[in-house]
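Okay, everyone, thanks for coming. Let me put the structure up, and then I'll walk you through a few spots in it.

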Amino acid sequence: MKATVVVQEAGSALPEDQAAIDARAEEERAALIEEGMAEIAEYAKATATARDDGSTLWEIAAGAGEGQARVLRFLPDTLEIKAGDTVRWVNHSKTEPHTVTFLGTGVEQPEDAIEPQPSGPPKIVLSPLLLFPQGGEVYSGEGLFNSGYTGELSGEPLPGGPAYELTFDTAGEFPYYCALHGSGPEGPGMTGTITVT
């Protein structure tokens with residue numbers, strides 16, 4: 001996010017009137033929406049790769065966008081698989097971290113903390129339960145399973161790496177969310193559901 005402020009001499013004519021500014025803004029907005037829609041179309045369907053053991057490896061995009069537009073969605077956000085299949089979420093958002101977070105039965109949503117400071121801005125304390133991978137490799141609907149922050153910032157990988165894999169061994173419907181861009185597995189924002197049959 002960046003901008004430039006140009007200060008002119010008092011009384012000088014402006015380079016654009018409001019109508020020209022509005023028209024330019026509309027062109028930029030339309031171009032960004034088109035960029036985002038192209039990303040959505042590219043990752044609209046999960047890819048499936050058959051494995052030697054008869055299971056399938058499914059791939060989902062955990063966010064997308066290399067230009068100025070960012071898609072803060074799981075693409076696709078619903079997927080039906082068989083017990084024994086594995087899902088891989090790949091972060092396709094350049095410089096935008098995401099998590100893949102499952103809250104099993106009775107698990108409370110971990111949250112970052114905001115601590116007031118005597119002077120200066122508040123301090124944000126990242127929860128290690130969200131920042132780093134949690135749980136394991138096989139999900140049965142119990143416990144906290146989390147990818148950690150996936151992606152990279154300034155060319156450095158985040159604790160969750162570029163992708164997260166999880167094998168599902170139990171039938172059921174399992175909602176999940178991005179802890180950075182969703183308000184929980186059932187709330188608004190970046191959410192998804194894996195249905196295992």
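**A walk around the model**

Let's start with Gly65, which touches Glu39, Arg70, His92, Ser93 and Lys94, leaving out residues up to four places away in sequence; contact here means heavy atoms within 4.5 Å. Before I go on, some housekeeping: this is a predicted model, so local features need pLDDT of at least 70 and side-chain atom pairs count only at pLDDT 80 or more, while totals for chains, interfaces and linings use all residues. Residues are numbered from 1 along each chain as its sequence is written, and side-chain values use heavy atoms, with hydrogens and water left out.

Back to Gly65. You'll find Gly65 in strand β2, residues 56-65. Strands are DSSP runs of E with at least two residues, numbered from the N terminus. Is Gly65 buried or exposed? Gly65 is buried, at a relative accessible area of 0%. For the cut-offs, buried means under 20% relative accessible area, exposed over 50%, and partly exposed in between, using a 1.4 Å probe and protein chains only. And if you go along the chain from Gly65 to Thr78, that's 13 residues in sequence and 20 Å in space, C-alpha to C-alpha.

The peptide bond from Leu75 to Pro76 is cis, with omega near -5°. Pro76 sits in the loop between β3 (71-75) and β4 (78-81). Then there's Ser154, which isn't a glycine but still has a positive phi of about 55°. Ser154 belongs to the loop between β11 (152-153) and β12 (156-157), and with a relative accessible area of 75% Ser154 is exposed.

Now the rings. How many aromatic pairs does the structure hold? There are eleven. To count as a pair, rings of Phe, Tyr and Trp (its six-membered ring) need centres within 6.5 Å; planes under 30 degrees apart are stacked, over 60 edge-to-face, and the rest tilted. One of them is Trp89 with Tyr176, an edge-to-face pair at 5.3 Å centre to centre and 70° between the planes. Trp89 is in strand β5 (residues 86-93) and Tyr176 is in strand β14 (residues 172-182), so this pair ties together parts that are 87 residues apart in sequence. Trp89 is buried at a relative accessible area of 1%, and Tyr176 is buried too, at 0%.

Another pair is Phe102 with Tyr139: the ring centres are 5.0 Å apart and the planes are at 45°, so we call that one tilted. Phe102 comes from strand β6 (residues 101-103) and Tyr139 from strand β9 (residues 138-139), so here the pair ties together parts 37 residues apart in sequence. Both Phe102 and Tyr139 are buried. If you follow the ring pairs around, they link Phe74, Trp89, Phe102, Tyr139, Phe145, Tyr164, Phe168, Phe174 and Tyr176 into a cluster.

On to Asp85, in the loop between β4 and β5. Asp85 is buried, with a relative accessible area of 4%. What does its side chain reach at 2.9 Å? That would be the backbone nitrogen of Thr56. The Asp85 side chain also makes a polar contact with the side chain of Trp58, at 3.1 Å. A polar contact is a pair of N or O atoms within 3.5 Å; within protein, one must be able to donate a hydrogen and the other to accept it, and residues adjacent in sequence count only if both atoms are side-chain atoms. Setting aside neighbours within four places in sequence, Asp85 is in contact with Ser55, Thr56, Trp58, Leu166, Thr167 and Phe168. Look also at Asp169: its C-alpha is 7.6 Å from that of Asp85, though the two are 84 residues apart along the chain.

Ser55 is in the loop between β1 (47-50) and β2, buried at a relative accessible area of 7%. The side chains of Ser55 and Asp53 are joined by a polar contact of 2.6 Å.

Last stop, His98. His98 lies in the loop between β5 and β6 and is buried, at a relative accessible area of 0%. Its side chain makes a polar contact of 3.2 Å with the side chain of Ser93, and Ser93 is one of the residues that Gly65 touches. That brings us back to where we began, so over to you.

Conventions:
Helix = DSSP H or I, 4+ residues; strand = E, 2+ residues; numbered from the N terminus.
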